[in-house]
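Open your viewer and bring up the model shown below. We will go from the whole chain to single residues, one selection at a time.

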Amino acid sequence: MTDLDKATRADVSAFFRRYYHPGNASLCIAGDFDPAVAKRLVAKYFGPLPAGPKVEKLQLPPSN
């Protein structure tokens, strides 16, 4: 919580610009649907959105 309390508005804005964009999103479609229709609708509504900056995978230290 201390880190969050220290974050400035600029820090939060930069975080959202970096991680909250279509290129770093997942779309889940569930239920009884026609896959061809679903693909067409996904392309129609999400295809024109710019991907945004590439998000690199985190390099985590090895666990013990």
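Start by colouring the protein chain by burial: buried residues, meaning those under 20% relative accessible area (1.4 Å probe, protein chains only; exposed is over 50%, partly exposed in between), make up 3% of its 64 residues. Before going on, note that this is a predicted model, in which local features need pLDDT of at least 70 and side-chain atom pairs count only at pLDDT 80 or more, while totals for chains, interfaces and linings use all residues. Residues are numbered from 1 along each chain as its sequence is written, and side-chain values use heavy atoms, with hydrogens and water left out.

Next, switch to a cartoon view. The protein chain has three helices and zero strands, running α-α-α from the N terminus on. Its radius of gyration is 17 Å, well over the 11 Å that the globule rule gives for 64 residues, so the chain is more spread out than a compact globule. That radius is taken over C-alpha atoms, and the globule rule is 2.2 Å times the number of residues to the power 0.38. Helices here are DSSP runs of H or I with at least four residues, strands are runs of E with at least two, and both are numbered from the N terminus. Turn the model along its principal axes: the C-alpha atoms fill a box of roughly 50 × 35 × 20 Å.

Now show the surface. The protein chain exposes about 6300 Å², and carbon and sulfur atoms supply 59% of it; accessible areas come from the Shrake-Rupley method with a 1.4 Å probe, and for residues only the protein chains shown count as cover.

Then zoom in on tyrosine 45. In which helix does tyrosine 45 lie? Tyrosine 45 belongs to helix α3, residues 35-46, and is exposed, with a relative accessible area of 53%.

Move on to the segment after α3, and select alanine 51 there. Alanine 51 is partly exposed, at a relative accessible area of 45%.

Glycine 52 is partly exposed, with a relative accessible area of 45%. How far apart are the C-alpha atoms of glycine 52 and tyrosine 19? They are separated by 8.8 Å, although the residues sit 33 residues apart along the chain.
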